[in-house]
Amino acid sequence: MSDPFKLTAALDERKSNHLYRQRRILESAQGAEVIVDGKPYLNFCSNDYLGLANHPDVIAAFTSSANDFGVGSGASHLVCGHSSLHHQLEEELADFVGRDRAVLFSTGYMANLGVVNALMGKQDAVFEDKLNHASLLDAGLLSGARFQRFLHNDLDNLESRLKKSTDNKKLIVVDSVFSMDGDLAPLDNLAALAKKYNAGLMADDAHGFGVLGNAGAGCADHFNLDQQQLPVLMGTLGKGLGSFGAFVAGSEDLAETLIQFSRSYIYTTALPPAVAAASLASLKIVREDADRRQHLYSLITHFRQGAEQLGLELMPSITAIQPLMIGSNEKAIAISDALLEKGFLISAIRPPTVPANSARLRITLSAAHSEDQVDSLLKALAEVML
Ligand SMILES: *Cc1c(COP(=O)(O)O)cnc(C)c1O
């Protein structure tokens with residue numbers, strides 16, 4: 001058979017390196033318990049940190065607005081797809097994160113591409129943490145700006161790069177919560193550096209929004225950073241909020257710049273209005289029900305204490321992302337398979353998602369879990385890892 005793209009060789013190489021990916025087919029809603037292949041599993045790998053993806057109020061908002069607004073938005077935001085539900089969601093998001101404006105994007109990936117590309121060009125420089133999410137790295141590369149990656153959370157390394165830069169505009173870009181490690185970027189110190197070198201600062205709060213901070217408003221809330229200090233705040237709605245979509249929040253001028261110039265905003269269909277309504281319902285729960293967040297944080301503490309007692313090596317994370325470092329791809333898969341056998345769904349994260357030799361089990365906790373379920377996870381980990 002002809003193979004002009006040399007697909008077989010590339011796929012075979014992936015397999016032999018234990019890097020081949022396979023999709024599991026879910027037969028239930030997201031939740032602490034999910035059905036795969038007709039069997040129930042305890043789910044410790046979703047990003048539904050607050051257990052809102054299948055919440056009755058969120059479902060009700062979705063279905064009732066689908067009755068009023070239909071399914072498809074019909075057009076991009078700039079043509080005739082921007083509904084009153086989208087608009088209300090933008091206003092409530094901006095209010096929640098303490099910014100002048102928020103602009104909705106269809107996904108977080110598109111928001112990242114859209115904002116970096118609207119702000120930065122050939123004469124400019126983008127500085128990104130080595131462990132940033134792939135969408136931010138792609139955004140930096142696509143922008144055509146001089147692209148630099150600094151060592152993970154290393155302020156000295158970043159500062160020496162900023163000092164040398166003679167580029168026109170400078171933008172520092174980080175994950176607020178690193179998606180595969182769970183640790184936080186030092187946003188307060190980064191804001192100080194940005195100020196010192198007259199650079200912009202952008203945080204991707206995909207794993208912080210809804211979860212971090214006293215009010216759950218995310219990284220800006222946790223570090224108490226206003227719009228001057230953290231001018232570009234991107235958040236997603238498909239993780240902690242259990243819905244779908246993303247937003248970029250900041251000044252009036254930032255919002256208008258995105259609407260005028262952001263290609264991944266302009267040239268795509270607006271997300272369904274019913275999805276915006278679902279996000280509004282989630283946002284209401286996040287704002288009114290601090291108990292969910294409290295429960296999640298008590299589970300995080302409980303898990304870390306239990307893992308420590310077992311002698312498992314934890315990573316420095318205060319968030320719902322609690323990875324266990326394994327190292328080899330093969331071993332990570334073997335452990336993930338052994339856990340599956342015991343009824344636990346936890347994915348082995350391998351390169352290129354993480355650096356070589358740092359395959360890990362990415363355990364995530366959710367407010368949907370009970371303490372008993374976390375205890376049973378600890379027991380299973382002890383059996384397969386020790
Ligand atoms: C998931 C994720 C994204 C992408 O968001 P989507 O809405 O899923 O496209 C961006 N950044 C980070 C850090 C993420 O974890």
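Q: Which residue forms a salt bridge with Asp181?
A: That's Arg360, and the closest N and O atoms of the pair are 3.0 Å apart. A salt bridge here is a side-chain nitrogen of Lys or Arg within 4 Å of a carboxyl oxygen of Asp or Glu.

Q: What kind of model is this, and how are residues numbered?
A: It's a predicted model, where local features need pLDDT of at least 70, side-chain atom pairs count only at pLDDT 80 or more, and totals for chains, interfaces and linings use all residues. Residues are numbered from 1 along each chain as its sequence is written, and side-chain values use heavy atoms, with hydrogens and water left out.

Q: OK, how is the protein divided?
A: Into domain 1 (20-49 + 290-385) and domain 2 (56-288), with bounds from an automatic or database domain assignment. Their C-alpha centres lie 26 Å apart.

Q: How many residues are in contact between domain 1 and domain 2?
A: 21 residues of domain 1 touch 24 residues of domain 2, with contact meaning heavy atoms within 4.5 Å.

Q: And what area is buried between domain 1 and domain 2?
A: About 1,500 Å², with carbon and sulfur atoms giving 60%. Buried area is the accessible area (1.4 Å probe) that two parts lose on being put together, summed over both.

Q: Which residues in domain 1 lose the most area to domain 2?
A: Tyr49, Arg293 and Thr319, together 32% of what that side buries.

Q: Back to salt bridges: how many does the rule find across the interface of domain 1 and domain 2?
A: The rule finds one there.
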